[in-house]
Amino acid sequence: MKPENKFKSKIIKNLTAKTFAIETYLKFGLPDIYGFYKNSSFWLEFKCSKMKKVNISPLQISWNYKHFQDNPINFYIVESLEARTFKLFEGNQGKELLKIGFDLEPCLMHLEPRSEDYKKLDNFLKSL
């Protein structure tokens, strides 16, 4: 299993939201999952970073930026395979993520793979 798929599985398993993977050959930049709670919803684009570099396509940058302008419920969630931590970035930060990578600041959250941090992420997404 690819690192990004392992990361996605860990996050989804620890969210109380209902989630749907967006699997299509013609994605046109759509994020990897759409999730929702009773009163809120969100989009997540998953990335894994080796050596701090984050690969994001121009279509992903465009979709996320445009969506974020009208409805800021989309995010990049990036795992550093080196540091074994992950960060949550706003959907309008794609260009900067591509240029600077995992070290980009500010981020919304800098988290570790432990139950209290998964809960913190879940509560944040639920509050949107």
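**The sheet and its surroundings**

Analyst: The accessible surface of the chain comes to about 7,500 Å², of which 55% belongs to carbon and sulfur atoms; the model is a predicted one, and 45% of its 128 residues count as buried.

The chain has four helices and six strands, and read from the N terminus on, these elements follow one another as α-β-β-β-α-β-β-α-β-α. With a radius of gyration of 13 Å, close to the 14 Å that the globule rule gives for 128 residues, the chain is as compact as a globular protein of that length.

The six strands make up an open sheet in the order β1-β2-β3-β4-β5-β6, and the pairing within it is mixed. Its edges are formed by β1 (18–21) and β6 (109–111), each of which pairs on one side only, while the twist from one strand to the next averages 25°.

Helix α1 (residues 3–13) lies across β1, β2, β3 (41–49), β4 (74–80) and β5 (85–90), and runs at about 140° to β3. Helix α4 (residues 115–126), for its part, lies across β3, β4, β5 and β6, running at about 155° to β6.

A search of the whole structure finds nine aromatic pairs. One of them is F7 with F46, whose ring centres lie 5.6 Å apart and whose planes meet at 80°, so the pair is edge-to-face. This pair links distant parts of the chain, with F7 in helix α1 and F46 in strand β3, 39 residues apart, and both residues are buried.

F75 and F124 also form an edge-to-face pair, at 5.7 Å centre to centre and with 70° between the planes. Here too distant parts of the chain are linked, F75 belonging to strand β4 and F124 to helix α4, 49 residues apart. F75 is buried, with a relative accessible area of 2%, whereas F124, at 22% relative accessibility, counts as partly exposed. Finally, F20, Y34, F36, W43 and W63 form one aromatic cluster.

How values were computed: Residues numbered from 1 in each chain as written. Predicted model: local features only at pLDDT ≥ 70, side-chain atom pairs only at ≥ 80, totals over all residues. Heavy atoms only, no water. Pairing = 2+ DSSP bridges. Helix = DSSP H or I, 4+ residues; strand = E, 2+ residues; numbered from the N terminus. Axes fitted to C-alpha atoms, helices over the stretch in contact; angles between N-to-C directions. Contact = heavy atoms within 4.5 Å. Rg over C-alpha atoms; globule rule 2.2 N^0.38 Å. Buried < 20%, exposed > 50% of the residue type's maximum accessible area, 1.4 Å probe, protein only. Areas by Shrake-Rupley, 256 points an atom, 1.4 Å probe, with all protein chains shown as cover. Phe/Tyr/Trp six-rings, centres within 6.5 Å; stacked < 30°, edge-to-face > 60°.
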